Amino acid sequence: MNIIEGHLRLNGSEKIAIINGRFNHIITDRLVEGAQDAFKRHGGNVENLDLILVPGAFEIPFALKKALESGKYDAICCVGAVIRGATPHFDYISAEATKGIASATMEFGKPVSNGVLTTDTIEQAIERAGSKVGNKGAEAMITIIEMLDLYSEMDK
Ligand code: INI
């Protein structure tokens, strides 16, 4: 049986964007740091890494679509933090962000990852932004690194 899978490797030429919803920036700044660190650790060249800032998670899909349309990026890592305790429209914002990220991914066929936290409390968000449950920004970056390698394996 032939197993086709991606490995965690970059060759330094990949052009990648992080799109960050700034709302709850105390959390999302940590997610960006995690994503940037994972990019560097896996062989990425920081000159090929762009950070695109949008006001909140709701705007991530719009910037994502535009970034994919530009053709400038090989893959895009989305991060943000929607915290239920802080908003009455939690369900609406988190659903729109998730749906929009998924549909842009399907439309453009490039690796995109969803590192948008959706938590009930700020404590749960802190736990996922570089403390006891890891860093979801780093995980989101690692996901696109694997998917980029998988796509190139699938093209062989
Ligand atoms: N945006 C977030 O990313 N997280 C939130 O928790 C949040 N809250 O609490 O409202 C939030 N709101 C802003 C939203 O993403 C849009 O920027 C805003 O509705 C304007 O379109």
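**Close-up views of a predicted model**

**View 1. Asn-48 in the loop between α1 and β2.** In this predicted model, Asn-48 is found in the loop that lies between helix α1 (25–41) and strand β2. The relative accessibility of Asn-48 is 17%, and because buried means under 20%, Asn-48 counts as buried. Leaving aside residues up to four places away in sequence, Asn-48 touches Gly-12, Ser-13, Glu-14, Lys-15 and Ile-16, and it also touches Phe-39.

**View 2. The open sheet of four strands.** The four strands of this open sheet follow the order β2-β1-β3-β4, and their pairing is parallel. Strands β2 (49–54) and β4 (112–119) stand at the edges, where each has a single partner strand, so one side of each is left without a neighbour in the sheet. From one strand to the next, the twist averages 15°.

**View 3. The pairing of β1 with β2.** Strand β1, which comprises residues 16–21, pairs with β2 in the parallel sense, and six bridges join the two. Within this pair, Ile-19 stands opposite Ile-52 of β2.

**View 4. Helix α2 against the sheet.** Helix α2, formed by residues 60–70, packs on the sheet and touches β1, β2, β3 (75–83) and β4. The direction of helix α2 makes about 175° with that of β3.

**View 5. Helix α3 across two strands.** Helix α3, formed by residues 90–108, lies across β3 and β4.

Methods. Residues are numbered from 1 along each chain as its sequence is written. This is a predicted model: local features need pLDDT of at least 70, side-chain atom pairs count only at pLDDT 80 or more; totals for chains, interfaces and linings use all residues. Side-chain values use heavy atoms; hydrogens and water are left out. Two strands pair if DSSP finds at least two bridges between them. Axes are lines fitted to C-alpha atoms, for helices over the stretch in contact, and angles run from 0 to 180 degrees between N-to-C directions. Contact means heavy atoms within 4.5 Å. Buried means under 20% relative accessible area, exposed over 50%, partly exposed in between (1.4 Å probe, protein chains only).
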